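Reader: I'm new to this one. Can you put it on screen and take me through it?
Author: Here it is.

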Amino acid sequence: MNAFRKIVCHLQIVLAGMLLVLVIIDRFNSAMAFIDNDITKALLFVLCLLAIINSALLASLYRRRDRRQAQTLSENRAPQYKSRL
């Protein structure tokens, strides 16, 4: 699962970079029509899917980390008893 996370993160960075370059090139030379291309639409769809997968994985990672921290905090607390003197 850790390798899958790394792959998803890197694919997301690469696809975002590709789309950023295509948008910039299309902005300066609209005759090339990069944004109206089917390949660009497919890349945008894949980027959106990877972003959703990456955010779900990060949310689950943070949730597990918070649960572990809460559990270790509750285990490390010593019971506090008040003396009745």
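Reader: What share of the contacts in the protein chain with a separation of 6 or more is between residues 24 or more positions apart?
Author: In this predicted model, such pairs account for 68% of those contacts; contact means heavy atoms within 4.5 Å.

Reader: OK. How many helices and strands does the protein chain have?
Author: There are 2 helices and 0 strands. Helices (H or I, at least four residues) and strands (E, at least two) are DSSP runs, numbered from the N terminus.

Reader: How far does α1 reach from its first C-alpha to its last?
Author: α1 has 27 residues and spans 40 Å, close to the 39 Å expected at 1.5 Å a residue. The expected span is 1.5 Å times one less than the number of residues.

Reader: Which residues of α1 are buried?
Author: Arg5, Val8, Gln12, Leu15, Leu19, Leu22 and Asp26. Buried means under 20% relative accessible area, exposed over 50%, and partly exposed in between (1.4 Å probe, protein chains only). These buried residues of α1 pack against α2.

Reader: And which residues make up the largest nonpolar core?
Author: That core has 7 residues: Val8, Leu15, Leu19, Leu22, Leu43, Leu47 and Leu50. α1 (2-28) and α2 (38-76) each supply at least two of its residues, and the largest share, 4 residues, comes from α1. A nonpolar core is a set of buried Ala, Val, Leu, Ile, Met, Phe, Trp, Tyr and Cys residues joined through side-chain atoms within 4.5 Å.

Reader: What does Leu50 touch, leaving aside its neighbours within four places in sequence?
Author: Leu50 is in contact with Val8, Leu11, Gln12 and Leu15.

Reader: Back to Gln12, then. Why does Gln12 count as buried?
Author: Because its relative accessible area is 18%. Not counting residues up to four places away in sequence, Gln12 touches Leu47, Leu50, Ala51 and Asn54.

Reader: Is Ala16 buried or partly exposed?
Author: Ala16, also in helix α1, is partly exposed, at 34% relative accessibility.

Reader: Last one: how much of the protein chain is buried?
Author: Buried residues make up 15% of its 85 residues.

Conventions
Residues are numbered from 1 along each chain as its sequence is written. This is a predicted model: local features need pLDDT of at least 70, side-chain atom pairs count only at pLDDT 80 or more; totals for chains, interfaces and linings use all residues. Side-chain values use heavy atoms; hydrogens and water are left out.
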